[in-house]
Amino acid sequence: MGKKTIIPFGPQHPVLPEPLHLDLVVEDEKVVEAVPQIGFVHRGLEKLTETHDYNQFIYIAERICGICAFGHSMGYAETIESLMHVEIPPRAQYLRVILHELSRMHSHILWLGLAADAFGYESLFMHCWRLRERILDIFEMTTGGRVILSAVVVGGMVRDISNEMLADVRTRVQSIHDEYQQICNTFLNDSSVQSRLVGVGVIEHDDAVSLGMVGPFARASNVNNDVRSLGNGGYGQLSDFQPTLDSGCDCYARVKVRLQEVSQSARIIDEMISHIPDGDISVKVKGSPEAGAQAANTLEQPRGECYYYALGNGTKYLDRMRMRTPTSQNLAGMAQALAGCDLADVNMIVLTIDPCISCTER
Amino acid sequence: MSFASKSPWVIHYDASSCNGCDIEVLAALCPGYDAERLGVINTGNPKHADIFLVTGSVNEQNISVVKEIYNQMIEPKVVIACGCCACTGGVFHDCYNVLGGVDKAIPVDVYAPGCAVRPEALIDAIIEGVGILDEKAKKLKSAEKEQA
């Protein structure tokens with residue numbers, strides 16, 4: 001064995017759209033240990049609750065992360081609604097779920113593209129991103145934004161999506177899903193995909209539980225932790241929801257879980273649009289949270305469970321707004337998966353947790 | 001200004017963006033907007049790059065990284081601040097860990113506004129950047145001639 005060397009990885013690295021620094025301790029070509037270092041994207045936005053009241057904070061919450069933007073605004077709004085005991089109209093709940101599941105589709109397809117790029121399959125990357133553009137078109141049609149949608153307000157939605165437009169969304173999602181099957185087939189049947197992913201970055205079920213992993217990363221190790229099963233908000237209206245699980249425990253299993261979740265989201269959108277009730281889309285929220293009132297909320301983001309906590313102080317300004325984001329939960333699992341891998345597999349394993357650094361650091 | 005004079009290679013760094021602008025930078029290079037048809041290629045090596053696309057504002061931790069990438073780039077070079085945060089700090093301007101726009105760290109040539117910046121605005125900024133790149137190259141040449 002050679003002597004130990006430390007290779008710095010990032011923060012500027014072609015495979016990462018975001019800055020993450022890893023100190024890779026290597027012996028020859030084997031990674032012995034990976035030490036993540038974060039803090040490049042820290043803005044300190046939780047402190048902005050001191051200068052922004054609970055209504056104004058929603059646009060800060062939406063900008064925690066640009067990929068799960070809608071999810072964060074939805075999770076934040078739900079937390080404040082339970083803090084202030086506000087019941088939102090059912091139509092708003094349905095609309096939120098529809099847009100949230102569209103976000104999940106776009107996030108997973110984006111990730112599949114980045115993963116394809118990481119193992120050197122550039123044309124697959126391009127096809128994934130081409131398909132993703134069509135989901136962004138739906139966002140643009142329904143809310144006016146491509147990335148930051150600004151569709152949620154505390155108490156409901158900013159504006160309605162008409163039933164005709166929803167019918168259009170339904171056919172568009174259907175045709176995106178049809179085209180998606182080709183990409184899906186390539187991921188599942190192409191031998192070059194399998195040879196790069198099978199058996200890479202294995203994390204067993206028990207390790208996944210003890211490391212507290214969340215999201216598709218944990219579900220690929222057969223940990224059933226999809227908080228959508230709890231049926232919060234509009235998810236309670238689903239006729240049937242089964243989390244996508246896989247017992248492969250490797251990078252290939254993580255790809256398969258995300259592949260299936262895209263189809264699952266398409267089905268949820270279809271069901272939601274077919275059952276959406278008519279009616280108001282928001283209620284007026286007046287007053288301020290009581291002093292000492294606390295509320296907690298969980299939401300299944302594309303990357304896993306995100307936990308929100310709010311503490312009121314009797315004014316319009318919150319005393320504390322706290323989020324625990326999925327990637328910060330998964331970093332320990334990533335470090336474990338990296339230990340013992342080949343140096344050439346590092347970028348693949350880092351990507352399979354779908355790191356979202358701006359969520360983690362806020 | 002002719003944008004066909006160069007195929008600008010770009011390097012992208014996320015200073016402290018929320019990701020929104022980063023995925024729009026990538027979306028601008030991918031099918032749909034396809035800036036590659038204008039010769040724009042994404043590179044990971046600062047020495048290969050002509051245009052530096054920075055998203056997000058600078059903070060204490062990343063200001064040295066931004067400066068390092070800028071210093072490693074070969075003249076002539078152009079910096080494009082992508083999105084509101086990179087231009088001024090955006091909604092995060094009064095966060096304790098945000099120093100402000102990218103121009104607090106390095107000279108910025110083109111400001112592309114938007115939250116998140118739209119791919120159209122980015123392509124527009126890149127084309128404007130190529131014009132600035134041409135002017136900078138001319139100045140460099142005439143300076144070299146004077147020296148000789």
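A residue is counted here as buried if 20 or more other C-beta atoms lie within 10 Å of its own. By that criterion, buried residues account for 53% of the 362 residues of chain A in this predicted model.

The overall dimensions of chain A fit well with this picture of the fold. A compact globule of 362 residues would have a radius of gyration near 21 Å, and chain A agrees because its own value is 21 Å. Along the principal axes, the C-alpha atoms of chain A occupy a box of roughly 65 × 45 × 35 Å. The secondary structure of the chain consists of 12 helices and 8 strands. Of the contacts in chain A between residues at least 6 apart in sequence, 70% link residues that are at least 24 apart.

Helix α2(A), residues 69-83, and helix α3(A), residues 90-118, have axes that come within 8 Å and cross at roughly 145°. Their crossing is left-handed. On the α2(A) side the contact is made by A:F70, A:G71 and A:M74, while α3(A) contributes A:R96, A:L99, A:H100 and A:S103. Sorted by class, this contact comprises 3 nonpolar, 3 polar and 1 charged residues.

Turning to the partner chain, 35 residues of chain A are in contact with 32 residues of chain B. On the chain A side, the elements giving two or more residues are α1 (57-62) and α4 (122-143). Helix α4(A) provides the largest share, with 4 residues. The side of chain A that touches chain B is made up of 20 nonpolar, 8 polar and 7 charged residues.

How values were computed
Residues are numbered from 1 along each chain as its sequence is written. Chains are lettered from A and ligands numbered from 1 in the order in which they are written. This is a predicted model: local features need pLDDT of at least 70, side-chain atom pairs count only at pLDDT 80 or more; totals for chains, interfaces and linings use all residues. The radius of gyration is taken over C-alpha atoms; the globule rule is 2.2 Å times the number of residues to the power 0.38. A residue is buried if 20 or more other C-beta atoms lie within 10 Å of its own, exposed if 12 or fewer, and partly exposed in between; C-beta atoms are placed from the backbone. Two residues are in contact if their C-beta atoms, placed from the backbone, lie within 7 Å. Axes are lines fitted to C-alpha atoms, for helices over the stretch in contact, and angles run from 0 to 180 degrees between N-to-C directions. A crossing is left-handed if the near helix is turned anticlockwise from the far one by less than a right angle, and right-handed if clockwise. Ala, Val, Leu, Ile, Met, Phe, Trp, Tyr, Cys and Pro count as nonpolar, Asp, Glu, Lys and Arg as charged, and the others, Gly among them, as polar.
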